[in-house]
Amino acid sequence: MSDLPDTREQFRPPEHPTDHFLMTTVVGSYPKPKWLNRAKELAEDDDHDFDDEDLAEALDDAARLITDEHVRAGLDVVVDGEMRRNEMVEYFADRIDGYEFNGPVKVWGHNYFDKPSVVEEVGYDEPWLVDEFEFTTGVATRPVKVPITGPYTLASWSFNEQYDTEEELAYELADLVNEEINRLVEAGARYIQIDEPALATTPDDHAIVGECLEHIADGVPEDVRLGLHVCYGDYSRIYPEILDMPVHEYDLELANGDYEQLDVFKEPEFTKDLALGVVDVHDSEVESVEEIKENIVRGFEVVPPERLTVSPDCGVKLLPREVAYRKMENMVQAAREVEAELDAGEIDVA
């Protein structure tokens, strides 16, 4: 079993109707309201009298709206849909000393992102997410999770023009992430998710990610839940080594692959909590409650109910907003029905 203390029960709603509790949450990103994109365009257009203060108000409104949308869907732990963020590396690189931007890079199809360069030693100048977290907790009636891009991905998806190796850069960034997490904890955060999608594309570097997480977890109180989100790729190339990493929960993308990789986590025993992707974020068809229930029950092949978190595969920002909401709503309903059936002894998890 995990040698880390249980951090999950603190997120159980006070009036939860069943003995069993399958915590429901999202990975992070959510479709932005169309008017928010228009507001950003106006703020960048010198011909319009729409300044940074107006944009800040629009961002607050969007964060409030999407946080409420998550609450209405019934999620136990919410985020603001990352309304203030553009891209998962750009957003943080723009706030880290030592980075600079040289223009967009084509990544796939017609998609571009501003791949940054590290041109000086990286440094921590000001908090990255504390204001976002404090605003979200101020408008949410549920606990709030904070997703943060991990140091390995920040290093791997950047041009390194300063450090001898990417590994050295990753460790320096890990110290900065640790500082940010400690600031978040001081602000009241109790659930922090480290996003490391680059690990799935370079799985032989799992030892580097593990060392980065040791840096990140240093000094973080034991009651703060740390999760690691890894999406896509061949999980057999990082399992069981990832079990040694100092996190409570692994958030994994499995619905998109029709759970073909589920057996990877059965031997040796999966000793951490599992945040199981139960809806496919690349499919605009909304899964029925019954379909999602079947997916949830598959998670019991790996962990018992008290260690299962119910989540989408990844961020849902590329879906139409109505589709994203209906997927979340059905996901929560499925989790509540499975909980009731577990209480009634109708599901065998032996």
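**The largest cavity and its lining**

Mentor: Val 79, Asp 80, Glu 82, Arg 85, Glu 132, Phe 133, Thr 136, Val 144, Lys 145, Val 146 and Pro 147 line the largest cavity. This is a predicted model, in which local features need pLDDT of at least 70, side-chain atom pairs count only at pLDDT 80 or more, and totals for chains, interfaces and linings use all residues. Residues are numbered from 1 along each chain as its sequence is written, and side-chain values use heavy atoms, leaving out hydrogens and water.

A cavity is a set of points, on a 1 Å grid over the protein atoms alone, where a 1.4 Å probe fits but cannot get out; a pocket is an open set with protein on both sides within 12 Å along at least five of seven lines, and lining residues have an atom within 4 Å of a point. Volume is the space filled by probe spheres set on the points, which are joined across faces, edges and corners.

The largest cavity holds about 60 Å³, and the structure has one cavity of 30 Å³ or more. At least two lining residues come from each of helix H4 (130-139) and strand E6 (146-149), and H4 contributes the most, with three. Helices (H or I, at least four residues) and strands (E, at least two) are DSSP runs numbered from the N terminus. By class, the lining of the largest cavity has five nonpolar, one polar and five charged residues; Ala, Val, Leu, Ile, Met, Phe, Trp, Tyr, Cys and Pro count as nonpolar, Asp, Glu, Lys and Arg as charged, and the others, Gly among them, as polar.
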